[in-house]
Amino acid sequence: MIWGIFKRDMCHATRNVIAVIVSMGLVVVPALYAWFNIAASWDPYGNTKALKVAVANNDKGYKSDLIPVRVNVGETIISTLHANDQLDWQFVKSDKAIDGVKSGEYYAAIVIPKGFSADMMTLFSPDIKHAQLKYYLNEKINPIAPHITDQGATTVVNTIDKTFAKTIAQVGLDLASSILHYSQSPQMAEYMRNLNGNLTTMADTLSGASQQVTSYSQLLGSANDIVDSTGKLLASATKASKQAQNALKQGKSGATSLTSAGANVTSSVNTALDQVSGAFDQVAAKVNKAFDAIGKDSDTAASQLATLSEQVSSGESLYDTYITSLNHMRESVEQLPDSDSAKQALLEAIDREITLLEAAKGDSQKLAQQLKDASTQVTQDTAAAERSRKEILNRITSAKQSISNVRDDYATNVKPKIDALASTVSTLISQTDSMITQLSGTADDLDDVTGDVGTNVTSIRSTLGAIAKKLDSSAATVKELITKLETGGNAGDGNSDGGDGDNGDNDASSSDSGESDELRALATANASTLSTLISAPVALHRVSVYPIANYGSAMAPFYTILSIWVGAIILCAMLKVTISDREKAHVLGLGDTLPRIAGPSGPGNASRWGLRLDHEYFGRYAIFALLALLQGTLVCLGDTYFLGVQANHALQFLAVGWLAALVFSNIVYTLTVSFGDIGKAVAVVLLVMQVAGSGGTFPIETLPKFFQILYPFLPFPHAIDAMHAAMAGLYGNEYLLDMVYLALFLIPSLLLGLVLRKPVIRLNNWVSRNLESTKVM
């Protein structure tokens with residue numbers, strides 16, 4: 001039965017030219033997918049010569065007394081990069097370099113700042129400053145390019161470090177060699193004689209300075225009495241300064257109270273006058289309203305007038321508040337000295353304001369009385385009420401005029417004088433503060449002087465005694481140095497004359513001679529070789545275990561295995577996984593159709609005539625397996641012989657491709673047979689999961705924990721590991737184990753396709769019918 005199904009499938013697949021072309025395409029497309037990816041990643045880090053990286057040198061160089069030769073590390077970097085073909089270096093100005101990175105013209109830019117050389121030379125100063133290169137990187141152009149250009153920038157930094165270390169080491173060795181040659185010259189001997197003479201003079205000078213310091217210490221001792229008497233005088237001056245300070249503080253307090261009183265008066269004036277003027281306007285309106293009600297409701301009018309009388313009487317407190325504020329102001333002004341020209345004029349203005357306020361208060365009182373009298377007349381005599389109305393309105397007008405007089409007089413006479421006084425007081429306060437501060441500082445300085453002078457004199461005498469001892473010790477040290485220099489010179493002369501000195505001298509100088517020989521050997525060696533060794537004392541010898549020829553070969557297993565899975569999905573997308581009833585009838589020899597007793601079309605409906613469900617499964621899978629094997633064969637042979645991928649064990653490499661093709665095609669075929677189009681979607685999901693979690697690109701240890709747990713249960717990792725072993729070399733049984741692990745994935749796949757598939761056939765048919773009913777899916 002299986003063979004019969006396979007034969008009919010092969011006949012149908014080769015019946016016409018289009019079918020043959022499609023079949024060939026199903027075999028070739030996965031291989032193209034793998035080859036394009038492998039070729040694209042063949043040597044990405046070796047083809048970086050076209051990546052443009054801008055370099056701008058703003059270094060101004062460095063020159064000092066220590067290093068009289070001008071040093072410009074930036075120029076050295078530029079010269080080095082001209083000979084470097086790792087990247088496409090573009091030597092431009094800094095502005096163009098930065099703008100080029102932003103526009104995408106350059107992938108990155110390295111800008112050498114102005115003080116780069118100077119910062120590097122701070123190595124020889126106490127204040128060491130780290131020299132920095134400015135590195136600009138455009139990370140949005142390409143995800144891999146930043147890492148490549150980072151490698152270029154790291155190469156530049158390493159080159160700078162090695163060049164700098166080599167230069168410094170070579171300068172040091174050259175300097176040591178020059179000193180050694182100069183020490184053996186006649187000029188050095190003359191210099192040593194002059195040095196001995198100068199040191200003798202220095203020793204005598206130090207001894208004389210010690211005696212002078214001792215005399216000066218004795219002179220300071222006699223000055224203690226003068227310091228004590230000066231201290232008493234300063235103490236009395238400090239006491240007087242504190243009394244003056246207290247007096248100034250009291251004056252400041254009085255001036256502050258005067259200013260505060262003026263400010264309070266100014267505030268109360270505006271509040272009181274506004275309230276009274278507004279109140280009179282309201283009273284006039286209410287009076288007219290009350291008198292208009294006479295005759296209609298006299299009792300209500302009388303009640304309103306009585307209420308107005310009480311309101312006017314209560315407003316008299318505003319006059320009292322204002323008068324009280326003016327009296328407080330007057331008391332503050334009276335505290336000013338009589339010599340102040342503004343005092344009398346301000347007192348007169350305040351008195352006149354108080355008189356006007358008392359007159360206004362009297363008008364208010366009379367108005368209240370008239371309102372009270374009118375409240376009793378409105379119910380008795382209408383004519384008398386009308387007269388009272390006119391008198392009350394006249395009185396209100398008179399009271400408002402009084403308020404107006406108070407406001408005008410305040411604005412014309414009182415307020416300007418108060419403002420002038422406030423300005424004068426403010427200036428006085430500022431000057432008083434300054435005087436208090438200066439006086440306090442002077443008093444503190446006087447206290448410090450009187451408290452410390454005696455102590456300082458004693459400390460100075462003690463210090464001078466110690467200096468005298470140091471000078472004596474220094475003189476002794478210089479004399480000892482003179483003795484050693486004379487001994488060393490004589491020993492050198494003796495050796496140069498042929499060794500006339502005694503054995504003791506020769507023994508004493510043997511160690512010095514050994515050190516000199518070592519220094520001579522170092523100075524005569526090749527300075528360039530030694531400086532190179534010092535700049536890079538450690539060399540890395542890389543030993544490759546299971547070497548891979550190139551990056552393309554390293555990525556070949558991942559893309560090859562991925563393409564085989566993609567090929568399995570393409571097969572299920574292009575070929576039918578179910579067998580029609582017509583095909584079943586032909587295989588059984590029943591003609592073109594199954595008997596009606598077979599029931600609805602579907603898997604297993606011909607089992608009563610001997611075509612079981614497993615026959616259908618393997619019969620249709622046979623053509624899938626054949627095409628999958630052709631896909632695996634083509635892609636593996638193309639990797640090895642077309643692209644030249646490394647394969648130390650070519651047959652084993654091909655075997656991995658065959659096994660992967662069978663396993664992957666069976667998994668995808670089973671999912672599709674069991675779940676229809678949903679199974680195809682599951683196959684795509686499995687593809688995505690394995691691309692991320694197979695460890696084919698990044699080590700599995702660097703992936704999230706979820707993928708590390710899922711890793712052993714995916715077929716991709718075992719296929720990729722087996723292919724790696726076939727390419728680079730075998731270790732133990734790793735190849736066989738990975739092949740067995742890969743083959744074990746057939747067990748759950750066959751279990752699903754042959755056993756677990758039966759319960760879900762009806763469910764799958766129901767899902768398919770509902771999807772087809774949408775006319776879209």
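Which residues form a nonpolar patch on the surface? They are Val17, Ile18, Ile21, Val22 and Met574, and together they have about 490 Å² of accessible area. A patch here takes residues with over 30% relative accessible area and no salt bridge; nonpolar side chains (Val, Leu, Ile, Met, Phe, Trp, Tyr) are joined within 5 Å, and like charges within 9 Å. Accessible areas come from the Shrake-Rupley method with a 1.4 Å probe, and for residues only the protein chains shown count as cover.

Before I go on, this is a predicted model: local features need pLDDT of at least 70, side-chain atom pairs count only at pLDDT 80 or more, and totals for chains, interfaces and linings use all residues. Residues are numbered from 1 along each chain as its sequence is written, and side-chain values use heavy atoms, with hydrogens and water left out.

Back to the patch. Helix 2, residues 17-40, gives the largest share, 4 residues. Met574 belongs to helix 16, residues 551-574. Helices (H or I, at least four residues) and strands (E, at least two) are DSSP runs numbered from the N terminus.

Now the whole chain. It has 25 helices and 4 strands. Of its 777 residues, 35% are buried, where buried means under 20% relative accessible area, exposed over 50%, and partly exposed in between, with a 1.4 Å probe and protein chains only. The chain exposes about 44000 Å², and 58% of that is supplied by carbon and sulfur atoms. Among contacts with a separation of 6 or more, 78% join residues 24 or more positions apart; contact means heavy atoms within 4.5 Å.

Next, the inside. A nonpolar core is a set of buried Ala, Val, Leu, Ile, Met, Phe, Trp, Tyr and Cys residues joined through side-chain atoms within 4.5 Å. The largest one has 62 residues, and Ile561, Trp565, Phe624, Phe664 and Tyr669 have the most contacts inside it. Among the elements giving two or more residues to this core are helix 1 (2-13), helix 2, helix 16, helix 18 (613-643) and helix 19 (650-675). Another core, of 17 residues, lies apart from it and includes Tyr319 and Tyr410. As for Tyr669, residues up to four places away in sequence aside, its contacts include Cys572, Glu616, Arg620 and Phe624.

Side chains of opposite charge can pair when their charged atoms come close. A salt bridge is a side-chain nitrogen of Lys or Arg within 4 Å of a carboxyl oxygen of Asp or Glu, and the count by this rule is 5.

Arg620 pairs with Asp9 at 2.9 Å, N to O. Arg620 is in helix 18 and Asp9 in helix 1, 611 residues apart. Arg620 is buried at 9% relative accessible area, and Asp9 is buried at 7%.

Lys584 and Glu616 form a salt bridge with their closest N and O atoms 3.3 Å apart. Lys584 is buried at 0%, and Glu616 at 5%.

Last, Asp738, in helix 23. Asp738 is buried yet has no salt bridge, and the nearest side chain of opposite charge, Lys705, is 20 Å away. Lys and Arg count as positive, Asp and Glu as negative, and His and the chain ends are not counted. Beyond its neighbours within four places in sequence, Asp738 is in contact with His718, Asp721 and Ala722.
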